[in-house]
Amino acid sequence: MASTVQLGISKTAGKPIRCRAAVARKAGEPLVIEEVIVAPPKSHEVRLKIICTSLCHTDITLWKLKVRNFYRSISPLELTVVESVGEDVDELKEGDSVVPIVLPDCMDCVGSNSKKSNLCSKFPFQISPLLHRDDTRRFTNAEGETLHHYLYISSFSEYTVVDVVNVTKIDPEIPPNRACLSSCGVSTGVGAAWKTANVEPGSTVVIFSLGSVGLAVAEGARLCGATRIIGVGRNSDKLEIGKQFGVTEFVNSKSCGDKPVSPVIIEMTNGGADYCFECVGLATLVQEAFACCRKGWGKTIVLGLDKPDAQLNLSSFEVLQSQKTLTGSFFGGLKPKSDVPILVKRYLDKELELDKFVTHEVNFEDIYKAFDLLIQGKSLHCVIWMDK
């Protein structure tokens with residue numbers, strides 16, 4: 001990890017910084033790398049120098065989504081070093097290795113202190129172009145035009161300003177191109193198996209879609225000791241990839257024709273799976289996952305992001321009579337400031353295998369390649385180095 005002197009931290013603290021950022025000005029249009037000005041941090045904020053970043057399918061979804069106030073420097077996956085701190089920041093100092101995380105964790109409210117939830121009550125998650133405390137922004141372009149934040153983080157910029165509730169300090173021994181995976185997708189999948197589902201040794205798990213999040217669920221289920229990990233998708237080649245992450249079997253939904261996949265799963269598992277994970281973001285697949293769960297104790301965990309107006313259609317009698325559980329899993333049920341450092345330690349202890357999630361690495365100038373690889377399904381995670 002570069003020292004604070006190498007990063008020039010002492011020279012820039014308290015001053016605006018001019019740097020490069022990739023900005024999306026209209027929904028779905030290519031990002032443009034341009035010069036931006038990043039203001040110093042205010043109270044309860046830190047300014048971060050980004051070492052490397054990545055992106056996930058949620059970025060693609062929100063990038064294409066037509067919403068008001070769109071200009072934004074995007075992506076929530078990154079490894080950064082604290083460049084400077086604002087007033088009232090006690091937990092971090094210049095030079096600390098940190099990962100920004102979209103889910104706030106103030107460590108002080110009812111939600112943050114509860115063992116039952118990872119949702120901060122004081123700073124609820126929103127898809128907002130503003131920062132938490134004063135509803136303002138820290139990005140402008142060379143002409144003085146305001147640029148909005150993306151999910152409070154904005155990592156496609158050489159520097160960014162983030163509220164401390166969205167920053168987690170980690171062990172600097174982890175390589176930057178692995179640390180950035182702990183801030184979103186991989187953590188979400190592993191956490192869903194570990195924290196939300198609490199997968200037990202010897203259990204049977206079904207995962208709908210073996211994309212990067214689904215494979216992270218498989219990795220988490222493997223770490224928890226699941227005996228059978230069954231992938232469901234439309235591409236049988238996913239089984240060979242999935243085997244690297246603990247997947248034991250694969251069901252190609254196309255081979256079922258017009259019939260649902262649930263009867264196949266129920267027959268394979270002699271009554272249904274203990275845990276089913278929906279990683280696509282389709283209400284119809286949530287219903288199918290629920291149908292695949294074993295009566296009496298089966299649990300369906302929803303990780304995929306569907307359209308805001310998507311509705312579920314479940315039989316009230318079935319919910320009552322089957323005694324199954326259906327739950328969402330935001331950021332895998334992980335508490336950012338306490339659980340993410342545990343995942344980092346498990347990687348350093350060679351338990352959590354992050355290396356196999358990184359399939360490509362590019363320089364910041366080639367950021368469009370990262371988008372193309374993900375859209376074409378050729379990449380799990382493409383690490384983007386800001387300056388290498």
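The largest cavity in this predicted model has a volume of about 40 Å³. One cavity of 30 Å³ or more is present in the structure. Its lining consists of Leu-181, Ser-182, Val-186, Ser-187, Leu-343, Val-344, Leu-352 and Leu-354, and the elements contributing two or more residues to that lining are helix 6 and helix 12. Open space was also identified: the second largest pocket has a volume of about 300 Å³. Of the 15 residues lining this pocket, Lys-115, Lys-116, Ser-117, Asn-118 and Gly-333 are the closest to its centre. At least two lining residues of the second largest pocket are supplied by each of helix 6, strand 16 and helix 12.

Cys-276 has Thr-300 of strand 15 as its bridge partner.

In soluble globular proteins, nonpolar side chains tend to be buried together. In the present model, the largest nonpolar core comprises 50 residues, of which Leu-79, Ile-170, Val-199, Val-205, Ile-207 and Phe-277 have the most contacts inside it. Two or more residues of this core come from each of strand 3 (45–54), strand 5 (77–85), helix 6, strand 11, helix 7, strand 14, helix 12 (336–348) and strand 18 (381–385). Helix 7 provides the largest share, six residues. A second, separate core contains 16 residues, including Ala-24, Ala-370, Leu-373 and Cys-382.

The surroundings of individual residues were examined next. With neighbours within four places in sequence left aside, the contacts of Phe-277 are Ala-192, Ala-193, Ala-197, Val-199, Val-205, Val-206, Ile-207, Phe-208, Val-217, Ile-301 and Leu-303. Ala-221 is located in helix 7 and is buried, its relative accessible area being 0%. Beyond residues up to four places away in sequence, Ala-221 touches Ala-193, Val-205, Ala-226 and Ile-229. A distance of 8.9 Å separates the C-alpha atoms of Ala-221 and Ala-192, which lie 29 residues apart along the chain.

Thr-80 is part of strand 5. Its relative accessibility is 0%, and Thr-80 therefore counts as buried, the cut-off being under 20%. Apart from neighbours within four places in sequence, Thr-80 is in contact with Leu-48, Lys-49, Ile-50, Ile-51, Asp-96, Ser-97, Val-98 and Pro-100.

Methods: Residues are numbered from 1 along each chain as its sequence is written. This is a predicted model: local features need pLDDT of at least 70, side-chain atom pairs count only at pLDDT 80 or more; totals for chains, interfaces and linings use all residues. Side-chain values use heavy atoms; hydrogens and water are left out. Two strands pair if DSSP finds at least two bridges between them. Helices (H or I, at least four residues) and strands (E, at least two) are DSSP runs, numbered from the N terminus. A nonpolar core is a set of buried Ala, Val, Leu, Ile, Met, Phe, Trp, Tyr and Cys residues joined through side-chain atoms within 4.5 Å. Buried means under 20% relative accessible area, exposed over 50%, partly exposed in between (1.4 Å probe, protein chains only). Contact means heavy atoms within 4.5 Å. On a 1 Å grid over the protein atoms alone, a cavity is a set of points where a 1.4 Å probe fits but cannot get out, and a pocket is an open set with protein on both sides within 12 Å along at least five of seven lines; lining residues have an atom within 4 Å of a point. Grid points are joined across faces, edges and corners, and a volume is the space filled by probe spheres set on the points.
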